Amino acid sequence: MINSKVIMEITNLHKSFGQNHVLKGIDLNVHQGEVVVVIGPSGSGKSTLLRCLNYLETPTQGLISFQGEMIGATLDGDRLKPVTEKTLNEQRAKIGMVFQQFNLFPHLTVIQNLLEAPVRVKKLSLDEARPLAIKLLERVGLSDKVNAFPKSLSGGQQQRVAIARALAMNPQMMLFDEATSALDPELVGEVLKVMKDLVKEGMTMMVVTHEMGFAREVADRVVFMDGGRIIEQGPPSEIFKNPKETRTNEFLKVVLN
């Protein structure tokens, strides 16, 4: 359920890679419990936006705050000063991220993948972390894969492990960067089911996806990006049935046919 409280504030966010100006002044607020789905053509800056939100990419300009605290930097007079690696890791722990490629540690078992961050970053003991990890694997339907290695799992199973691993840090918000686009079509459903379950539990989420059916079903708000800018945003009923902007309409005609 959406709360009126703003949990994340993005102000005038820019990101350039050399001469390539990828994000061109993004302003966006996300409310507690809200599911924001970001759509748009390839190269529109969607993935870069997500990666900036937890400082996997350092913004060129602009501010990001989460629960009232600035992420990745502090204001020193009128200048931005980077936070320490320790502080950044603590901030990142509050915002879980699931990538297109599963990014699991291949040399670790499923349970070891889940234990790594809570033990190293949160300093939980193995006795504390293990029962929580097992509970998360049950939650994503993989309690029988505790001691399996990633290479023995299907893509859908690996992605569900990746989601459980992100949840092991007990984040207050989840970012999903095209979490189903590397999967065979028949495996997409099992990952979307886990994501839908998180929505039902009230997790605040920002999701970059090409799955328009998913966007229609679970989004509170759909954000359409093109050319590094937000072109249009609104409830799915509005965006999909009656987009105001010509560019949104052109994009949806292609992806919905």
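Analyst: What follows covers the cavities and their linings.

This is a predicted model, where local features need pLDDT of at least 70, side-chain atom pairs count only at pLDDT 80 or more, and totals for chains, interfaces and linings use all residues. Residues are numbered from 1 along each chain as its sequence is written, and side-chain values use heavy atoms, without hydrogens and water.

The search of the whole structure finds 2 cavities of 30 Å³ or more. A cavity is a set of points on a 1 Å grid over the protein atoms alone where a 1.4 Å probe fits but cannot get out; lining residues have an atom within 4 Å of a point. Volume is the space filled by probe spheres set on the points, which are joined across faces, edges and corners.

Start with the largest cavity. Its volume is about 40 Å³. Arg139, Val140, Leu167, Val194, Asp197, Leu198 and Glu201 form the lining. Helix H6 (residues 185-200) gives the most, with 3 residues. Helices are DSSP runs (H or I, at least four residues), numbered from the N terminus. By class, this lining has 4 nonpolar, no polar and 3 charged residues. Here Ala, Val, Leu, Ile, Met, Phe, Trp, Tyr, Cys and Pro count as nonpolar, Asp, Glu, Lys and Arg as charged, and the others, Gly among them, as polar.

Now the second largest cavity. Its volume is also about 40 Å³. The lining consists of Leu114, Pro118, Leu124, Ala129, Leu132, Ala133 and Ala168. H4 gives the most, with 3. This lining has 7 nonpolar, no polar and no charged residues.

Methods
1 Å grid on protein atoms, 1.4 Å probe; cavity = no way out; pocket = protein on both sides within 12 Å on 5 of 7 lines; lining within 4 Å. Helix = DSSP H or I, 4+ residues; strand = E, 2+ residues; numbered from the N terminus.
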